Amino acid sequence: YHHEYPPLGLLYLAAYAREKGHEVGFFDEGAARKDPADTVHRRMSEFRPEAYCLSLYTTNLLNAYWLIKLIRMERPGATVIVGGPHATSLPERTLRECPEIDFLVIGEGEEVLAELLGALEEGQPAGHIPVICFRDPEGEIRSNPRNPFIRDLDSIPFPAYDLQSGLQNSQDPVRKGKQAGSIVTSRGCPFDCTFCNKAVFGSTYRRRSPENVVREIRYQQDVLGADEIYFMDDLFAANRRWLEDFYAILDREGIRMPWKCLGRV
């Protein structure tokens with residue numbers, strides 16, 4: 001499934017899990033264009049993880065189900081964990097359609113995934129962890145109550161961009177020939193557009209500090225070579241005061257680059 005930009009949700013999860021002491025691998029087959037032999041199957045054989053984590057979108061659902069069945073055939077003892085917009089919107093249906101899934105994380109995944117991996121590592125039961133959907137010993141599908149959303153987004157490490165080494169996304173640059181970096185500065189949206197799926201981040205609007213965002217821009221500029229930025233927030237221009245502070249810090253840091261964002265009329 002070809003992403004124009006890195007799947008930041010998975011890279012945030014990878015960074016958070018790694019910060020909690022877990023060994024993490026990452027692979028996006030849609031971005032592995034240089035080597036036709038570089039496939040999910042090969043990476044699975046080399047890394048042989050004890051848990052596989054996939055983000056489910058409606059547009060890649062059938063391919064994801066196929067991959068999960070492949071994982072189950074080749075690594076029957078491994079744990080399969082899914083999350084993402086489709087899984088969060090239809091958790092029970094997803095588990096019914098794909099019985100090979102062990103756990104489904106509903107909503108924001110960083111804290112939940114770290115707790116779930118910790119329980120699995122220690123051989124402890126995981127059925128008590130909030131916001132997971134699973135099957136009980138009788139095979140019945142159960143869902144635990146939701147946790148409140150993460151309020152302090154600055155506490156989450158930057159996405160694990162280093163795990164993308166060797167992968168290349170197609171991108172849709174602001175200007176032709178530019179190297180576009182992608183950043184999310186907020187989560188949630190207070191509006192209720194009928195076409196939008198807000199299952200993962202909800203309606204509670206939370207934002208990183210301007211200083212934290214500028215540090216990531218500088219990192220993308222200096223380390224990743226980005227010379228323009230795409231702000232992938234559901235609603236970037238939501239708070240005039242935040243924007244004014246953000247612009248002031250950009251100006252003070254001498255950062256000059258084109259950028260684009262998603263907004264709302």
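In this predicted model, helix H6 (110–121) lies across strands E1, E2, E3 and E4 and runs at about 170 degrees to E2. Angles run from 0 to 180 degrees between N-to-C directions, with axes fitted to C-alpha atoms, for helices over the stretch in contact; contact means heavy atoms within 4.5 Å. Helices (H or I, at least four residues) and strands (E, at least two) are DSSP runs numbered from the N terminus. Residues are numbered from 1 along each chain as its sequence is written, and side-chain values use heavy atoms, without hydrogens and water. Local features need pLDDT of at least 70 and side-chain atom pairs 80 or more, whereas totals for chains, interfaces and linings use all residues.

The strands form an open, mixed sheet of five in the order E1-E2-E3-E4-E5, where pairing requires at least two DSSP bridges. E1 and E5 (141–143) stand at the edges with a single partner strand each, so one side of each has no neighbour in the sheet. E2 and E3 pair in the parallel sense over two bridges, and Val82 stands opposite Leu104 in E3.

Val82 and Leu54 touch the most other members of the largest nonpolar core, which has 38 residues. Such a core is a set of buried Ala, Val, Leu, Ile, Met, Phe, Trp, Tyr and Cys residues joined through side-chain atoms within 4.5 Å, buried being under 20% relative accessible area (1.4 Å probe, protein chains only). H3 gives the largest share of this core, seven residues. Among the residues touched by Val82 are Leu54, Ile68 and Phe103.

Note on methods. Buried means under 20% relative accessible area, exposed over 50%, partly exposed in between (1.4 Å probe, protein chains only). Lists of a residue's contacts leave out its neighbours within four places in sequence.
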